[in-house]
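The following note sets out numbered points for a colleague who wishes to check the model in detail. Please read each point beside the coordinates.

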Amino acid sequence: MENSNNNWRMPRIGDQAPEFRAMTTKGKLNFPGDYKGYWKILFSHPADFTPVCTTEFIAFAKMQEEFDKLNTKLVGLSVDSLSSHIAWVRNIKEKIEWEGNKNVDIDFPIVVDLSKNVSTLYGMIMPGESNNACVRAVFFIDPTDKIRAIIYYPLVLGRNFDEIKRVIIGLQTADAHDVAMPANWQPGKDVVLHYPITTDEAVARTAEEGLTCHEWYLCSKKLQ
Ligand code: BEZ
């Protein structure tokens, strides 16, 4: 962990995910080392036993199977204690019914970060928003442990979990097919090709079968 030296800066897209060891509701975690070969979503929430966070945890838990199918591990984090995390997930299961969901198991680990070491390492505490709670940060980390996307939400706005799933599918699709995703792309929709990097490639592309070229630099195609 390197957050105590002067060279610390917020992790950025393209960086290797900072390593940490911490206690969680599922035991000790060595991150990202324990999840070699998986995609990972590391997300922070402001506090246990709060309304928006509770709805977010239910939303994430309901999508756990979908993330499992996407070879993606979920890891939550806040600056609360282990006993608070445990009491909260028990309370959610036993007492909360939200939008027809009840008896919800939170089956992903929640990191205990009372020291704020991990949240500081990942830049999850933004003092203009709160000095003592994390914002709603979401780090998307690929199987090589590289950070591929980051989304931040403020305290008052619950995350869009369909978007979080779309980001994982979009990144996996980009990697598998060497393509890019246009605005508002959804799985199954046409993708776009990277822009040509030579004049010959630009000419060849407009004549290539299976492509819809709006211009030499904007060509889309269906994935088979
Ligand atoms: C909430 O989850 O509702 C919440 C938590 C901290 C600050 C504001 C809202």
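Predicted model: local features only at pLDDT ≥ 70, side-chain atom pairs only at ≥ 80, totals over all residues.

1. Strands β8 and β9 (residues 147-153) pair in the antiparallel sense over 6 bridges, where pairing requires at least two DSSP bridges between two strands. Strands are DSSP runs of E with at least two residues, helices are runs of H or I with at least four residues, and both are numbered from the N terminus. Within this pair, Ile141 stands opposite Ile147 in β9. The two strands form a hairpin with 5 residues between them, and Asp145 in the turn has a positive phi of about 70 degrees.

2. Residues are numbered from 1 along each chain as its sequence is written, and side-chain values use heavy atoms, with hydrogens and water left out.

3. Strand β8 (residues 136-141) also pairs with β3 (residues 39-44), in the antiparallel sense and over 4 bridges. Here Leu42 stands opposite Phe139 in β8. Of the 6 residues of β8, 6 are buried, buried meaning under 20% relative accessible area, exposed over 50% and partly exposed in between, with a 1.4 Å probe and protein chains only. Both faces are covered: one carries Arg136, Val138 and Phe140, the other Ala137, Phe139 and Ile141, all buried. In a regular strand, side chains alternate between the two faces of the sheet.

4. For Arg136, an N or O atom in the side chain is 3.1 Å from an oxygen atom of the ligand. The protein covers 76% of the 260 Å² of accessible area that the ligand has on its own, areas being computed by the Shrake-Rupley method with a 1.4 Å probe.

5. An open sheet is formed by 3 strands in the order β10-β12-β11, with antiparallel pairing. Its edge strands, each pairing on one side only, are β10 (191-192) and β11 (212-215). Strands β10 and β12 (residues 218-221) are joined over 2 bridges in the antiparallel sense, and Ser220 in β12 is the bridge partner of Val192.

6. The domain assignment, taken from an automatic or database source, gives domain 1 (20-159) and domain 2 (178-224). Taken over C-alpha atoms, the centres of the two domains are separated by 36 Å. The C-alpha atoms of Lys95 and Ile197, 102 residues apart along the chain, are 58 Å from each other. Lys95 is found in helix α3 (residues 82-95) and is exposed, with a relative accessible area of 63%.

Definitions and conventions: Polar contact = N/O pair within 3.5 Å; in protein donor to acceptor, adjacent residues only side chain to side chain.
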